[in-house]
Structure formats: structure tokens, C-alpha cells
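Here's a quick briefing to read with the model open. Have a look at the structure first, then walk through the points below.

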Amino acid sequence: MTCSLGVKLNQIEFKNPVIAASGTFGFGQEYNGIYDVGILGGICTKGLTFEPQGGNTGIRLWETPMGILNSIGMENPGIEAFIRKELPQMKKWNTRIIVNLGGATEEEYLKSVESLNNSNPDMIELNISCPNVRKGCMAFGMNEKGAAEIVRKVKDASRHPVIVKLTPNAENIVRVAVACEEAGADGVSLINTVKAMAVDINEKKAVFENVYAGLSGPAIKPIALRMVHEVYKAVSIPVIGIGGIMNWKDALEFIMAGAHFIQVGTANFVNPEIGKEIVLGMQTYMEKEGIRSLEEIRGII
Amino acid sequence: MALIKGNKKVAGDIYLLEVEGRFEGKPGQFYMIRVAEVDPLLSRPISIFEITENGIKFLYRIVGEGTRLLSKKRQGDQISLRGPYGNGYPSATGKIAIVGGGIGAAPLYETCKKLNNCNDTTAVDLYLGFSDEIILKENEWERICSSFFYDVGGIITEYVDVAKYDIVMTCGPDVMMKKLVMEGKKYGKQVYVSIESRMGCGIGACLSCTCITTKGNKKVCKDGPVFLGEEVYDL
């Protein structure tokens with residue numbers, strides 16, 4: 001029996017639903033030295049902004065049981081440098097390249113979209129959910145009004161499909177997802193990190209200079225799963241499930257909860273080959289269970 | 001997975017781990033060591049202490065949960081490690097000073113061993129400073145360098161005359177490394193420092209360990225951990 005892991009998003013075919021999550025995979029180069037990243041369905045770039053960003057000062061990473069908190073603060077080389085130096089290299093790999101796009105203002109998002117129109121990524125993942133920058137980004141994703149406005153403008157301006165990465169910190173993530181769909185989004189990815197904090201009792205202060213940071217890893221998986229399930233039931237565009245996926249079994253949980261795709265983030269730090277292992281593990285499961293296509297199990301719960 | 005040959009306490013909260021197998025690595029590079037399958041989630045970056053014919057050794061201090069769990073591992077246990085990562089110390093000849101403070105001595109063993117063996121005209125002087133007691137035995141350090149000096153409870157940089165060396169390599173507390181970099185600048189000598197940082201991936205993808213240098217943001221795990229001192233310290 002032949003089984004296929006293939007999935008489509010707005011006419012774009014992905015050979016499988018496994019995508020490396022933004023911020024955990026750089027621009028793919030480092031991982032491509034460990035395994036052929038062409039086995040992945042796609043790669044989301046490190047979050048990009050129009051201007052280069054130096055990122056946050058102070059501690060940027062903190063471990064907590066079954067999770068990590070990060071406060072990187074969107075350090076990136078800027079969209080133009082990315083298009084010039086990183087994208088041509090990434091396009092050589094046999095996988096879909098999704099540009100994760102952040103911004104402090106609407107104007108900044110739109111300038112980046114214009115640059116990307118003259119370039120050839122496969123898709124944009126509109127980041128309105130990063131909790132680690134002082135201005136913009138997550139502020140756009142907190143409610144349906146803010147999200148709909150920026151999504152509509154980006155969709156109107158972009159020649160590439162646009163998926164929107166949502167924050168679990170939103171007032172109501174289901175309503176934000178519905179608003180994104182109505183504004184023309186081609187898909188929604190969720191969840192970005194959960195706003196969280198850590199305290200250093202010896203220093204008697206917050207661990208992070210920004211006080212709050214983003215929690216990811218297995219600790220948030222059950223919450224992510226519930227949100228994916230709720231959003232899946234409310235929208236008809238594809239849902240990309242993210243949050244604490246550590247192995248192929250976790251990935252299948254998200255598919256069964258309704259996800260078309262899944263993104264693997266923190267797990268890349270635990271095992272840099274995990275992306276490949278998830279693709280192979282899902283394949284084996286389907287063969288064993290006699291499942292020909294992921295459609296058979298998607299959203300069965 | 002690799003087999004642990006030994007994991008013994010060598011001083012206070014300092015342990016020497018030995019793992020069996022053929023390993024590669026330059027002095028100053030590190031391995032990402034996993035102590036558990038998932039919790040703690042992150043691997044621990046630990047620098048190479050020594051590479052032997054059939055094994056690799058790591059000298060580490062217990063600082064948190066990961067290293068505490070690592071110290072509980074016994075001979076015969078399995079451990080997962082990936083590497084080597086990072087750039088390592090440069091090769092050099094001539095009169096070389098190697099200066100370590102506390103657990104900063106860890107990457108300097110292999111560094112001394114490699115540099116000291118490179119040719120007849122190269123002389124490697126090793127200076128180590130400890131706060132409570134020497135790590136390992138005096139003769140274990142003596143045999144890998146031209147001359148060995150150590151001090152307990154004092155300030156090791158007071159004993160290093162940077163002016164008489166061609167190059168200095170150091171690892172330890174910031175205050176110690178910075179002092180050497182300042183001396184190096186005064187006498188026009190290159191001082192290489194090894195920077196410590198919290199790391200997520202260890203391979204240059206997550207930007208957790210970014211360090212601000214005169215040449216812009218650098219990744220400690222990939223561009224470092226060894227940098228030219230004047231590039232990382234604001235003098």
C-alpha cells in the first residue's frame with residue numbers, strides 16, 4: 001500500500017506536514033549540516049523584520065521543568081540581507097521556505113512584504129504573536145480587530161500566500177483565528193509561546209530584562225492541542241499546529257485534533273535530528289495502520 | 001549513545017567524566033551532553049578536557065540541575081553527546097601563556113597539551129588560580145606544559161607578565177580575562193578568551209548565546225566560544 005504524507009495549502013503542495021518552527025531552526029544551515037533538511041515539508045525562517053535587529057540584552061534563555069523560556073527579541077539580519085544572503089541558499093533545498101515576518105508597525109510589515117514580492121519564498125508566516133519585543137508584533141494579535149486589519153493589508157499587498165501565527169495570549173484565540181480567515185488568511189499557525197516569567201531569588205529580581213518571556217516545550221502541549229482543536233472547529237482554512245511537539249506521536253495528536261500541518265520547535269534543541277525522525281515515524285505509523293492519507297485521521301476528534 | 005568509563009569527584013563540586021569511544025575535537029571546542037531523555041530539556045555545553053586514544057574527558061562543576069544529574073552517572077551508564085562544536089583556541093608557536101581561573105581550567109588541559117607538543121621552540125607556561133583548592137594534582141598539570149604555576153585564594157593575573165609572551169590564551173571569570181586583555185592591549189599582545197554563555201541548540205540556530213562584539217553580534221556557540229579579547233570586552 002502506498003501512503004502519502006502530502007498536504008496542500010492554497011494550491012502549494014508540501015510533501016509532508018512537518019515544518020521546522022521559526023526561531024528554533026535559524027535559516028536551516030546549521031541543521032542541514034546534521035541531516036538533509038530536504039526531508040522536511042517546510043522550514044520557517046527565524047523571525048525577520050525590515051530593519052536588522054540586535055535582539056534583547058541580558059539572559060535570553062531559561063530552563064523550566066519540561067519547558068524553556070526565551071527572550072531573544074527578534075535578532076535578525078533584516079529582510080533585505082535575508083533575501084540576498086540566506087534565501088538563495090535555502091531555495092536549493094527540496095523543501096518549502098516560509099518567511100516568518102514580524103514588525104513594530106504596519107508600515108514596517110508592508111515594506112517587508114514589498115521586498116518579498118520581488119523575491120521567491122513559498123509563503124509568508126505573519127508573526128503577530130512574538131511576546132519578546134516592546135513594540136508591535138504581539139500587540140497586533142491580541143484581538144480580532146488588530147489582527148484583521150494587519151492581515152487584510154498584508155494579504156492585499158502580498159503576491160505570496162500568507163499564514164498567520166497566533167498567540168495564546170490573545171483575548172480569545174478562536175475569534176482572532178476567525179477574523180484572520182475573514183481577512184483573507186490562507187492558514188493559521190498556533191500557538192506561539194505563552195507569555196511567562198521567571199524569578200531569580202538570589203538576585204531578587206526577574207530573570208529577564210523584559211521581565212516576561214515566552215514559554216515553549218512539552219509544558220505547553222496540552223494547551224496548544226486544545227487551542228488547535230477549538231480553532232479547527234471554527235475555521236475552514238488549514239491550521240498549523242505548534243506547541244511542545246517532541247516526537248511523531250505528538251505530531252499525530254495535533255493532526256487528529258484538526259491540524260493540516262505541524263511545526264517542531266523546542267524539540268530541535270533536544271534532538272537536532274527530530275524533524276527527520278518525525279517524518280519517518282509518521283510514515284511508519286501510517287503504513288502500519290493502513291492509512292493512505294492524513295485526511296483519514298485529520299480532525300477525527 | 002556512549003559508555004561512561006568513569007565519573008569521579010576531583011575537588012569540591014568538580015567532577016571528571018570519561019566517555020569511551022573515538023572522539024574528535026580541537027582544544028577549546030565543546031560537546032553538548034545530555035543527562036536525560038527529555039527533562040531537563042536542554043543539553044549541557046561542556047568543553048573538552050582531554051581527548052585520548054579511546055575516549056574523551058570532561059571536567060565540569062555542578063552548577064545546576066543538569067550538571068547535578070550528570071554527577072550521578074556511574075561507570076557503565078550510557079550517555080548521549082554531540083559535537084564537537086565551536087571554534088576552539090587557535091594554534092600558536094613561540095612563548096605562550098595559558099591562564100585559567102577555577103573551572104575555567106577545563107578547556108586549557110587539552111590546549112596546553114596540544115601547544116606544548118607542537119615544536120621545540122614553543123614554550124607553554126600554565127597559570128591556574130583556584131579559590132579553595134587545586135583541581136586535580138599538581139603533577140597532572142606539570143606534565144603538559146613547560147612550566148606550571150598555581151595559586152589558591154589569590155589573584156592569578158598578578159603572576160602573569162603578559163609583556164614577555166607572544167600570545168595569551170585564557171578561560172575563567174570575566175574579571176580575570178578582562179585584566180589579561182587590558183595587559184595584552186598595553187603590550188600589543190593577542191589575548192584569546194573563551195566565553196561562557198547559556199545555550200539552547202549549541203549549533204548556532206537559536207541565538208540564545210549572542211554576544212556583542214566590536215564586529216557585531218556573534219554566536220558564542222558557533223563563532224566562539226573563543227574570541228580575541230579586545231573584540232568582546234569594552235576596554
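Not counting residues up to four places away in sequence, which residues does A:Val228 touch? In this predicted model, the list runs A:Leu190, A:Val239, A:Gly241, A:Phe254, A:Ala257, A:Gly258 and A:Ala259.

**The nonpolar core**
- The largest nonpolar core holds 170 residues, and the members that touch the most others are A:Cys180, A:Val188 and A:Val228.
- Helix 7 of chain A (residues 221-234) gives the most to this core, putting in six residues.

**Around strand 9 of chain A**
- Strand 9 covers residues 162-165, with A:Val162 and A:Val164 pointing one way, A:Ile163 and A:Lys165 pointing the other, and all of them buried.
- On one side, strand 8 of chain A (residues 123-127) runs parallel to strand 9 and is joined to it by four bridges; here A:Asn127 stands opposite A:Lys165.
- Strand 9 of chain A also runs parallel to strand 10 of chain A (residues 187-190), with three bridges joining them, and A:Ile163 stands opposite A:Gly187.

**The chain B sheet**
- Chain B has an open sheet of seven strands in the order 4-3-7-1-2-6-5, with antiparallel pairing.
- Strand 4 (44-47) and strand 5 of chain B sit at the edges with a single partner strand each, so one side of each has no neighbour in the sheet.
- Ignoring direction, neighbouring strands of this sheet are turned by 35° against each other on average.
- Strand 1 (residues 2-11) and strand 2 (residues 14-20) of chain B run antiparallel and are joined by six bridges; B:Asn7 has B:Leu17 in strand 2 as its bridge partner.

**Helix 2 of chain B**
- This helix spans residues 108-116, and its buried residues include B:Leu108, B:Tyr109, B:Glu110, B:Thr111, B:Cys112 and B:Leu115.
- Among the elements covering the buried residues of helix 2 of chain B are strand 5 (50-52), strand 8 (95-101), strand 9 (123-130) and strand 11 (167-171) of chain B.

**Where the chains meet**
- 25 residues of chain A are in contact with 16 residues of chain B.
- On the chain A side, helix 1 (29-32), strand 5 (61-64), strand 6 (67-70) and helix 9 (267-270) each supply at least two residues, and helix 9 of chain A gives the most, with three.
- By type, the residues on that side of chain A split into 13 nonpolar, eight polar and four charged.

Note on methods: Residues numbered from 1 in each chain as written. Chains lettered and ligands numbered in written order. Predicted model: local features only at pLDDT ≥ 70, side-chain atom pairs only at ≥ 80, totals over all residues. Core = buried A, V, L, I, M, F, W, Y, C linked by C-beta atoms within 7 Å. Buried ≥ 20, exposed ≤ 12 C-beta atoms within 10 Å, placed from the backbone. Contact = placed C-beta atoms within 7 Å. Pairing = 2+ DSSP bridges. Nonpolar A, V, L, I, M, F, W, Y, C, P; charged D, E, K, R; others polar. Axes fitted to C-alpha atoms, helices over the stretch in contact; angles between N-to-C directions.
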